[in-house]
Amino acid sequence: MEFGLLMLRVILAALLFGHATQKVFGWFRGQGARGTAASFEAWGLRPGLPFVILSSCSELVGATLIVLGALVPLGATIVVGTMFVAVAYNFRHGIWAHQGGYEVALVYGLLAVVLAATGPGGWSIDYLLGLSWFHGAAWAGGALVVGVLGAQGPLALRRAGMKKAAEPEAGLAR
């Protein structure tokens, strides 16, 4: 079981790392910071570059905590918040990723919640520090709720950005 939890942590963290570095550095055929910023702005997240940096840093911090097995519920909370914003944007496309849906973001977020529920296992910093109690249903539920609540700020800014983009310019409206 310990090896399985370690594998799950490493795989999820590696995918989150790739997801973040695609956005900010253009690695793994990503758009890089400027290309992703333009996409974020089209989605209503303005200005795009700070949101690129915020989302990439959040994914990297969440991935680091998860791979190390350190404060896993906190790492899960960060991942849930970041992925919830992605789910919200892609929700209109349906679930399946091949159709532009939210499948990938949903799986990443839920895997993080699962790790908050099960704990990172014996091969982890949490275990070494005696924090093996720092997991379970309450921690997983907390990670889910706080992550979703944390996503509301960027989503509110997105809604405001979309509303502003839809309004005609003051000089042209006359």
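**Labels and their grounds**

Tutor: Let us begin with Trp 123, which counts as partly exposed at 47% relative accessibility. Please bear in mind that this is a predicted model.

Student: Why is Trp 123 called partly exposed?

Tutor: Buried requires under 20% relative accessible area and exposed over 50%, with partly exposed in between. The value for Trp 123 is 47%, so the label is partly exposed. Trp 123 is found in the loop between H5 and helix H6 (125-128).

Student: Which residues make a nonpolar surface patch with Trp 123?

Tutor: Phe 3, Met 7, Ile 11 and Leu 15 form it together with Trp 123, and the patch covers about 510 Å².

Student: How many aromatic pairs does a search of the whole structure find?

Tutor: The search finds 9 aromatic pairs. One of them joins Phe 91 and Tyr 102, with 5.2 Å centre to centre and 20° between the planes.

Student: Why is the pair of Phe 91 and Tyr 102 called stacked?

Tutor: Centres must lie within 6.5 Å for a pair, and planes under 30 degrees apart count as stacked. With 5.2 Å and 20°, the rings of Phe 91 and Tyr 102 therefore form a stacked pair. Both residues lie in the loop between helix H4 (72-90) and helix H5 (103-118), so the pair ties together parts that are 11 residues apart in sequence.

Student: What makes Phe 91 and Tyr 102 exposed or buried?

Tutor: Phe 91 has a relative accessible area of 53%, which is over 50%, so Phe 91 is exposed. Tyr 102 has 15%, which is under 20%, so Tyr 102 is buried.

Student: What kind of aromatic pair do Phe 134 and Trp 139 form?

Tutor: Their pair is edge-to-face, at 4.4 Å centre to centre and 75° between the planes. An angle over 60 degrees is what the label edge-to-face requires. Phe 134 is buried at 11% relative accessible area, whereas Trp 139 counts as partly exposed at 36%.

Student: How do you know that Ser 58 is buried?

Tutor: The relative accessible area of Ser 58 is 17%, which is under 20%, so the residue is buried. Ser 58 has its place in helix H3 (residues 48-68). Leaving aside neighbours within four places in sequence, Ser 58 is in contact with Ile 78 and Thr 82.

Student: Which backbone oxygen lies 2.8 Å from a polar atom of the Ser 58 side chain?

Tutor: It is the backbone oxygen of Leu 54.

Terms used: Residues are numbered from 1 along each chain as its sequence is written. This is a predicted model: local features need pLDDT of at least 70, side-chain atom pairs count only at pLDDT 80 or more; totals for chains, interfaces and linings use all residues. Side-chain values use heavy atoms; hydrogens and water are left out. Rings of Phe, Tyr and Trp (its six-membered ring) pair if their centres lie within 6.5 Å; planes under 30 degrees apart count as stacked, over 60 as edge-to-face and the rest as tilted. Helices (H or I, at least four residues) and strands (E, at least two) are DSSP runs, numbered from the N terminus. Buried means under 20% relative accessible area, exposed over 50%, partly exposed in between (1.4 Å probe, protein chains only). Contact means heavy atoms within 4.5 Å. A polar contact is a pair of N or O atoms within 3.5 Å; within protein, one must be able to donate a hydrogen and the other to accept it, and residues adjacent in sequence count only if both atoms are side-chain atoms. Patches are made of residues with over 30% relative accessible area and no salt bridge: like charges are joined within 9 Å, nonpolar side chains (Val, Leu, Ile, Met, Phe, Trp, Tyr) within 5 Å. Accessible areas come from the Shrake-Rupley method with a 1.4 Å probe; for residues, only the protein chains shown count as cover. A salt bridge is a side-chain nitrogen of Lys or Arg within 4 Å of a carboxyl oxygen of Asp or Glu.
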